[in-house]
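Student: I would like to learn how to read a structure feature by feature. Can we work through one together?
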Amino acid sequence: MALLSVRELSVEFATRDGVVSAVNGVSFSLEAGQVLALLGESGSGKSVTLRAILGLHPAVRTRVGGEVLVKGQDVNRLDEPSRARLRGRIVSTVFQEPMTALDPVYTIGEQIAETLRQHRGHDHAAARRRARELLDLVQVPSPDRCLASYPHEISGGMRQRAMIAIALACEPELLLADEPTTALDVTVQAQILWLLRDLQKRLGLAVIFVTHDLGVAAEIADEAAVMYAGRIVEQAPIRELFRRPAHPYTEGLMHATVRRGQKGRPLVPIPGAPPNLAVLPPGCAFAPRCPIARDPCRITLPSFHPVSDGHVARCHFVTPGGSS
Amino acid sequence: MSADNAMESRNNRDPRVSADAPLLEARGLRKHFPLRGGVLQRTYAWVRAVDDVSFDVYPAETLGIVGESGCGKSTLARLILRLIEADAGTVRFDGQDVRGAAPPQMKRLRRDMQLVFQDPYASLNPRLTIEDAVAFSLLVHGTRAAEARERARALLGRVGLDPRLYGRRYAHELSGGQRQRVNIARALVLDPKLLVLDEPVSALDKSVQAQVLNLLADLKAERALTYVFISHDLNVIEYVSGRVMVMYLGEVVETGTADALAQAPKHPYTQALFASAPSMDPDRRMDRPPIAGDPPNPIDPPSGCRFRTRCAFAMEQCAQAPPALRPVGPGHEAACYLFS
């Protein structure tokens, strides 16, 4: 049994401008110890997917369809106490902005200890001891000072380390990371990526890493799923994705990204803008921006076509073994 | 294409052998912000945002300024345009003293130097249609309304927003990329010579970022513009710039051509910055982080070389006095005792 199995997940929000389909039929699964990058630009549904895995979407004005099975249990059918247990012990999260995710009126030590008391029933002294161990684990240089500090008193990189310590407090099996390095400076991002990769290996964690940054995905993931307009459009082992992007959107993204040594070679942008999620076209959502789109693309939604072993793309014009 | 090549070669030439006078000259710029507190609002500390920064920008080149948060790059942009007053130093634009300019002269200077901000939404007036937003500065500078509107519409068309479709819309009805196009049109409507671009593509998705970078390159070639391009993204800076200035905690640590910096960065900080950028290649992942720690707080920067607390090569003298910028190659300078 896979650690996580997401089947035909859909998330709709009722808004003033109509029903917004943020996620439309997303399916994937994750084995223990595997790192999956959910890659996509703003509005692609990557963060909404992540929240649905935790069952974090409020019932009001939100409709969640499909199944999210964590170790065989459907997150959306659990009652709130069992869901809370799941979040504490099996699945845990690191968010993008540690300053808003941490509570400003408690010290880092209190916040880590709180997690341990809630989920593990540690007493005060045991929680303090374990909190210090956790800060050592995430390589905070002076853990005692960090424990006594409030979030605003430490640097952005330290805050993100503290967030990771809280996420790891209950020894989860699955870590959900939502753009955890996006708000950081590049030299600090390198440190946090390296730390996450090191911890993942040492602790055998499964990780879903939501990012908009191809480079970050290349640094951390075993596998990547590229999202566009609420759907996965391509999924492949990470090396394969960079070597042979098969979906025109993935290919477009690679050509539009400025790389080192790009100078003198023009960028090839993707024309236009992502579609309005309240009025999605019937066929392929990328068709209006796609250089190879033809009539069928505007009428029928393509299903996944195999490209190579473990590599699929949702495009009518994908041929096995080659790019579209 | 030939115009592009000409631009490229001007971009990459060694500025010291150029016959051109600089369009912009900054000397010894300094800006410290007071931090006040208590009932009497006494100053208890100073944020040393920009300290003794000097540089030249030559006509038709792009000077890239790169650095992490708190390095002073955005403060520097505002000092150049005199949106805030410097504590010390001089800025000369086209031979004229910007810091000493009286209000009428300053208004004339502002026609020639314009700024594009990072957040394309916050920098547009939500109550103006985008046509009116672009025409606004023309009206301020005395153009008749009909003509101002005509020119605004033409420019909107040039930046890729059909004025018949978009002219009467408001900023909130546009996407991030479209808003940034409006900001670029607004900055260009007075036909400036210099555009200071402060993180102009950082808030945009990658697919849109490329559109805006290409637009900026085309406009520069068409209008013989000079850019000061500020970004935290080293790949973008290397791509757009002829010369690059690397800043750390309010000071310049290295300057040189984009090529020289990319191929042989000298300052340990520049090296770390390049090495920290993700490789875009799953087979060439980082073995370990290039440097430890966060950039320190600019309120109380380290003595001597401000980078020494994170530097693998730090020596005793680094703590004593700040190293000066010294030549390390043609048109290439670094502020590090390793090269003195």
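Predicted model: local features only at pLDDT ≥ 70, side-chain atom pairs only at ≥ 80, totals over all residues.

Student: What does the accessible surface of chain B come to?

Tutor: About 14700 Å². Carbon and sulfur atoms hold 50% of that surface.

Student: How many helices and strands does chain B have?

Tutor: Chain B has 12 helices and 12 strands. Along the principal axes, the C-alpha atoms fill a box of roughly 65 × 60 × 40 Å.

Student: What share of the contacts in chain B with a separation of 6 or more joins residues 24 or more positions apart?

Tutor: The share is 65%. 

Student: Take one core residue. What is A:V138 in contact with, leaving aside neighbours within four places in sequence?

Tutor: Its partners are A:R161, A:I164, A:A165, A:L195 and A:L199. A:I164 is itself among the residues with the most contacts in the core.

Student: Is A:L147 buried or exposed?

Tutor: Compare its relative accessibility with the cut-off. A:L147 has 4%, so it counts as buried. A:L147 lies in helix 6 of chain A, residues 143-147. Beyond four places in sequence, A:L147 touches A:T107, A:I108, A:G109, A:R128, A:A131, A:R132 and A:L135.

Student: How far apart in space are A:L147 and A:L4?

Tutor: They are 33 Å apart, C-alpha to C-alpha. In sequence, 143 residues separate them.

Student: Where is A:S44 found?

Tutor: A:S44 is in the loop between strand 3 (35-39) and helix 1 (46-54) of chain A. A loop residue still gets the accessibility check. A:S44 has 4% relative accessibility, so it counts as buried. With neighbours within four places left out, A:S44 contacts A:A22, A:M227, A:Y228, A:A229, A:G230 and A:R231.

Student: On to charges. How many salt bridges does the structure hold over all chains?

Tutor: There are 39. To qualify, a side-chain nitrogen of Lys or Arg must be within 4 Å of a carboxyl oxygen of Asp or Glu. A:D74 and A:R77 meet in one, at 3.0 Å from N to O. A:D74 is buried at 9% relative accessible area, whereas A:R77 is exposed at 67%.

Student: Which parts of chain B are linked by B:R27 and B:D56?

Tutor: First the geometry: their side chains form a salt bridge at 2.9 Å, N to O. B:R27 is in strand 1 (residues 24-37) and B:D56 is in strand 2 (residues 42-57). The two are 29 residues apart, and the pair links distant parts of the chain. B:R27 is partly exposed at 35%, while B:D56 is buried at 17%.

Student: How many residues apart are B:K193 and B:D94?

Tutor: They are 99 residues apart. Their closest N and O atoms are 2.6 Å apart in a salt bridge. B:K193 sits in the loop between helix 7 (176-188) and strand 7 (194-198) of chain B. B:D94 sits in the loop between strand 4 (88-93) and strand 5 (96-97). B:K193 is partly exposed at 34%, and B:D94 is partly exposed at 38%.

Student: Last, the surface. Which residues make the nonpolar patch of about 260 Å²?

Tutor: B:F313, B:M315 and B:L338 make that patch. Patch residues need over 30% relative accessible area. B:L338 has 40% relative accessibility and counts as partly exposed. B:L338 lies in the segment after strand 12 (332-334) of chain B.

Technical notes
Residues numbered from 1 in each chain as written. Chains lettered and ligands numbered in written order. Heavy atoms only, no water. Patch = residues over 30% accessible without salt bridge, like charges linked within 9 Å, V, L, I, M, F, W, Y side chains within 5 Å. Areas by Shrake-Rupley, 256 points an atom, 1.4 Å probe, with all protein chains shown as cover. Helix = DSSP H or I, 4+ residues; strand = E, 2+ residues; numbered from the N terminus. Buried < 20%, exposed > 50% of the residue type's maximum accessible area, 1.4 Å probe, protein only. Core = buried A, V, L, I, M, F, W, Y, C linked by side-chain atoms within 4.5 Å. Contact = heavy atoms within 4.5 Å.
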